[in-house]
Amino acid sequence: MGSSVETLEFQAETRQLLRLVIHSIYSNKDIFLRELISNASDALDRLRLESLTDSSIAEIDTTDLHVLLEVDADARTLTVRDNGIGMSRDDLVDLIGTIAKSGTAGLLEKIKESKDAATAENLIGQFGVGFYSAFMVADRVTLHTRRAGTDTGTRWESDGEGAYTVQSVDGLPVGTSVTLHLKPVDSEDGLADYLSESKIRQIVKRYSDFIRWPIRMAAERTDDEGGTTRGVDTLNSMKALWARPRTEVTEEEYHEFYQQISHDWLPPAETIHMRAEGTFEYEALLFIPSQAPFDLYSRETRRGVQLYVKRVFIMDDCDALMPDYLRFVKGVVDAHDLSLNVSREILQHDRQIRGVRRRLVKKVLGAIKDMQSKDTERYEKVWAQFGRALKEGLVEDTDNAEALLGLVSAASTHDPERTTTLREYVERMKDGQDAIYFLTGDTRAMVENSPHMEAFAAKGYEVLILTDPVDEVWVDQVPAFDGHRLQSIAKGQVDLDEAAAGDQEADAEKARREEDFAALLPWLATALSEQVKQVRLSSRLTTSAACIVGEAHDMTPTLEKMYRAMGQELPTVKRILELNPTHPLVTALRTAHAADADAPALTEIAELLYGSALLAEGGDLPDPARFTRLLTDRLARAL
């Protein structure tokens, strides 16, 4: 028995908003089932909680709370049924029959102003009308519900156009059922066959696999003899590992879950399981892989972790929760206080999400730091795989620059096989040394054989060998480590004999050399004025005739190439040519210049001297053909 049917009109603004939800907003129509299952799960949660505190419903059996999906192929209906708290008539009118709220007019105006469907979907996500997504796939929605502790149920029905009906109904069980009278399949409009068992399983697995309550559906089974029987299957795993205490989860379960979300069959290098309570509650289960994916440095690589809200899947690759330099981290964050329809745009500007991101970053960097101090071998493997990406953080994340610097490991002249941390370098520094010396280059061999390295090798100074492209950038962003500045041995003035300052004999020798080359240096600067801005004597060379250096704050040639490859126009930066005053070629050039400063051969030798210095550091000759001709002519004359 039921009361008479009451027909109520949607408000004008609500009709407009509903029309947008049904026809325009969502690009992925599959999410209707996610929304309905999430609502059902919330109803089950509420019944479990209220049965503990409300004596009027304490007698209700809560031992088998579940969500049931029912398919009627003949009637073309899909029903989502739960035995949760249910709703009263007033609840229906307030929560479902009327979606107009304060701000509806403003929301509609913003949607009208939006230029694309994605922006509109972001806006509708702010409003939160997930139930109405059912009308994307259904011509009509019928809802039956009875609230726990009451005797009378309610029937609600609407075609999503202008009105809905409400009717009191007797004999309904406690809970809610939502029956969707499905539209015909239309692949062009994104309407799949939502009566298909495989399609329903696929949607549940993707969006609702970790809902804590069983999601059941009648299904056909094949027995050993080839016959078919009907049975009820549970579609979701309910294994939200992140919601369980770490002590209750085995390593095998962690590895299995990691494989499921990453498709990486190697065990992770580290598992991070954390829970935060307070004003913004969330759980996180993160993994540091043991091997970098092949596309780690590709623009198309997937970035970010999975986001869930109360175990309901929201999105893959939530980059708002993890910075780009930690893109290799896999895992799940389950936030309790977000809307199911939260958009990427909202996440990017949400203060609480930014706070979660900060804590997650500190946890990941802290885990790598623990490896560094407690398990050196594992740390070295992780750094070998992801160090290049982590160093990007020294440019992007100034808040964590100190923590990242502590993790940096680099090749050095101290050991041809093992890398060294900056802390270990500082502990080995010579007495009186105040800078951490480094040199960037394409390969270790090129750096080790660079002329810039000669005096440092001769005097036993350790030099870091930096060969990753990102090294060209971060070394200029980081002023110091532990009070020691980072200094490129290819920039600025380098005088490893500063300790001998005040030694009269050394000072006299330096002054004599300056006097001996007083005529040659300005002549060379003029002859090579198109290539260099200064020519000076060097204190960093022992065996090479010359090298090219930059000013302390000049951009390196490699960094110039990187920027130009990205299409950025840069002014040409002239560098400095340094000469080894003890090298036979340099002394012979000085003698020849003193004998005849106008000899044409001197200019050619100056070009060869500059070109050989450029090649020695791995640079590109401005005119390779001319350099080759000058060199072969000079060799021919020498024979």
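**View 1. The surroundings of Asp554 in a predicted model.** Setting aside residues within four places in sequence, Asp554 is in contact with Lys491, Lys533, Val573 and Lys574. All of what you see here comes from a predicted model. Asp554 itself lies in the loop between β22 (546–549) and α18 (557–565). With a relative accessible area of 14%, Asp554 is buried, because the cut-off for that label is under 20%. Look also for the backbone nitrogen of Glu551, which lies 2.9 Å from a polar atom of the Asp554 side chain.

**View 2. Asp233 on strand β9.** Asp233 belongs to strand β9, which covers residues 228–234. What does its side chain pair up with? The side chains of Asp233 and Arg201 are joined by a polar contact of 2.6 Å. Arg201 also turns up in the contact list: not counting residues up to four places away in sequence, Asp233 touches Arg201, Ile215, Arg216, Met217, Ala219 and Arg221.

View 3. Is Thr142 buried or exposed? At 5% relative accessibility, Thr142 counts as buried. Its side chain makes a polar contact of 2.4 Å with the side chain of Glu157. Glu157 is one of the residues that Thr142 is in contact with once neighbours within four places in sequence are left aside; the others are Arg155, Trp156, Ser177, Val178, Thr179 and His181. If you zoom out, Leu296 gives a reference point: 154 residues separate Thr142 and Leu296 along the chain, and their C-alpha atoms are 48 Å apart.

**View 4. Gly160 in the loop between β5 and β6.** Gly160 sits in the loop that runs between β5 (152–158) and β6 (163–170). Its relative accessible area is 4%, so Gly160 is buried. How far apart are the C-alpha atoms of Gly160 and Gly171? They are separated by 27 Å, with the two residues 11 apart along the chain.

**View 5. Helix α19 packed against helix α20.** Two packed helices are described by the angle between their axes and the distance between the axes. For α19 (residues 584–595) and α20, the angle is about 160 degrees and the axes are 11 Å apart. That angle makes α19 roughly antiparallel to α20, since the label applies over 145 degrees. The crossing of the pair is left-handed. On the α19 side, the contact is made by Leu585, Leu589, Ala592 and His593, and on the α20 side by Leu602, Ile605 and Leu609. Sorted by class, that gives 6 nonpolar residues, 1 polar and no charged ones.

**View 6. Helix α20 packed against helix α21.** Now α20 (residues 600–616) is shown with α21 (residues 624–638), packed at an angle of about 120 degrees with the axes 10 Å apart. That makes α20 oblique to α21. The α20–α21 crossing is left-handed. From α20, the contact is made by Ala601, Glu604, Ile605, Glu607, Leu608, Gly611, Ser612 and Leu615, while α21 brings in Arg626, Phe627, Leu630, Leu631, Arg634 and Arg637. By class, the contact of α20 with α21 has 7 nonpolar, 2 polar and 5 charged residues.

Conventions
Residues are numbered from 1 along each chain as its sequence is written. This is a predicted model: local features need pLDDT of at least 70, side-chain atom pairs count only at pLDDT 80 or more; totals for chains, interfaces and linings use all residues. Side-chain values use heavy atoms; hydrogens and water are left out. Helices (H or I, at least four residues) and strands (E, at least two) are DSSP runs, numbered from the N terminus. Buried means under 20% relative accessible area, exposed over 50%, partly exposed in between (1.4 Å probe, protein chains only). A polar contact is a pair of N or O atoms within 3.5 Å; within protein, one must be able to donate a hydrogen and the other to accept it, and residues adjacent in sequence count only if both atoms are side-chain atoms. Contact means heavy atoms within 4.5 Å. Axes are lines fitted to C-alpha atoms, for helices over the stretch in contact, and angles run from 0 to 180 degrees between N-to-C directions. Angles under 35 degrees count as roughly parallel, over 145 as roughly antiparallel, 65 to 115 as roughly perpendicular and the rest as oblique. A crossing is left-handed if the near helix is turned anticlockwise from the far one by less than a right angle, and right-handed if clockwise. Ala, Val, Leu, Ile, Met, Phe, Trp, Tyr, Cys and Pro count as nonpolar, Asp, Glu, Lys and Arg as charged, and the others, Gly among them, as polar.
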